[in-house]
Amino acid sequence: MSNTDLANALLQACQKRGIMLATAESCTGGMIIAALTDIAGSSTVVDRGFITYSNEAKMDMLGVLTVTLEAHGAVSRETAIEMAKGALTRSRAGLTLAVTGIAGPGGGSAEKPVGLVWFGVGLGGHTVTAEHRLFADKGRDFIRRETVRHALELGLRALGQSQAEGAAP
């Protein structure tokens, strides 16, 4: 499925459940919310997108704790979880998708290489979950596109739908 198909499937899944959706994005700079809002009618499901590229934005807009950023860094499980939680509490959304990573070409290290992305998923009434992916370092555009794809897939999974189930008949 293309990212457009995944975005459409996620919008339909949210609509079926009667929940709004919000994103908290760092390394993608708004690409996830853009993929969703590119689809006509998305306003019935999309609440908002938090673009929190800097640590200050993560703290100010989402309530990510200074101690979390100092202890674990912006690209970490802990930060992704706090981003997803913050988006839940600071929006009308019942589902939040958070991403924080290193898209490159620079900024990587041995511990946190280019291509490392942490994802946080918040679903109202459930524990916020996080997972990471290490995408091949095939360039910034590739990493960001794959991050969008995986975030949309995680949203579908959180709602208990496979990609095929979320697709229009």
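Asp-38 is found in the loop between α2 (31-37) and β2 (46-51) of this predicted model; helices (H or I, at least four residues) and strands (E, at least two) are DSSP runs, numbered from the N terminus. Asp-38 is exposed, with a relative accessible area of 67%. By definition, buried means under 20% relative accessible area, exposed over 50%, and partly exposed in between (1.4 Å probe, protein chains only). Asp-38 and Thr-4 lie 34 residues apart in sequence, with 8.4 Å between their C-alpha atoms.

The model is predicted, so local features need pLDDT of at least 70 and side-chain atom pairs count only at pLDDT 80 or more, whereas totals for chains, interfaces and linings use all residues. Residues are numbered from 1 along each chain as its sequence is written, and side-chain values use heavy atoms, with hydrogens and water left out. The mean pLDDT (the predictor's confidence in each residue, from 0 to 100) of the protein chain is 95, and 95% of its residues reach 70 or more. Over residues 163-169 pLDDT stays under 50, and the model has 15 contacts (heavy atoms within 4.5 Å) for them beyond four places in sequence. Where pLDDT is low, the predicted coordinates should not be read in detail.

Asp-47 is buried, with a relative accessible area of 17%. Leaving aside residues up to four places away in sequence, Asp-47 touches Met-20, Leu-21, Ser-91, Arg-92 and Ala-93. The C-alpha atoms of Asp-47 and Gly-63 are separated by 18 Å, the two residues being 16 apart along the chain.

Within helix α3 (residues 55-62), the buried residues are Ala-57, Lys-58 and Leu-62. Seen down the axis of α3, these buried residues fall within an arc of 105°, so they line one face of the helix; the arc is that of the directions from the helix axis to the C-beta atoms. Their cover includes β1 (21-25), β2, α4 (66-72), α5 (77-89) and β3 (95-101).

Pro-105 lies in the loop between β3 and β4. The peptide bond from Gly-104 to Pro-105 is cis, with omega near 5°. Most residues other than glycine have a negative phi, and most peptide bonds are trans.

Cavities and pockets are found on a 1 Å grid over the protein atoms alone: a cavity is a set of points where a 1.4 Å probe fits but cannot get out, and a pocket is an open set with protein on both sides within 12 Å along at least five of seven lines; lining residues have an atom within 4 Å of a point. Grid points are joined across faces, edges and corners, and a volume is the space filled by probe spheres set on the points. The structure holds one cavity of 30 Å³ or more.

| Space | Volume | Elements each supplying at least two lining residues |
|---|---|---|
| Largest cavity | about 30 Å³ | β3, β4 (116-123), α6 (140-158) |
| Largest pocket | about 170 Å³ | β4, β5 (129-134), α6 |

The lining of the largest cavity includes Leu-97, Phe-119 and Leu-154, and divides into seven nonpolar residues, one polar and no charged. Among the residues lining the largest pocket are Phe-119, His-126, Glu-131, Leu-154 and Arg-157. β4 gives the largest share of that pocket lining, four residues. The pocket lining divides into six nonpolar, four polar and two charged residues. Ala, Val, Leu, Ile, Met, Phe, Trp, Tyr, Cys and Pro count as nonpolar, Asp, Glu, Lys and Arg as charged, and the others, Gly among them, as polar.
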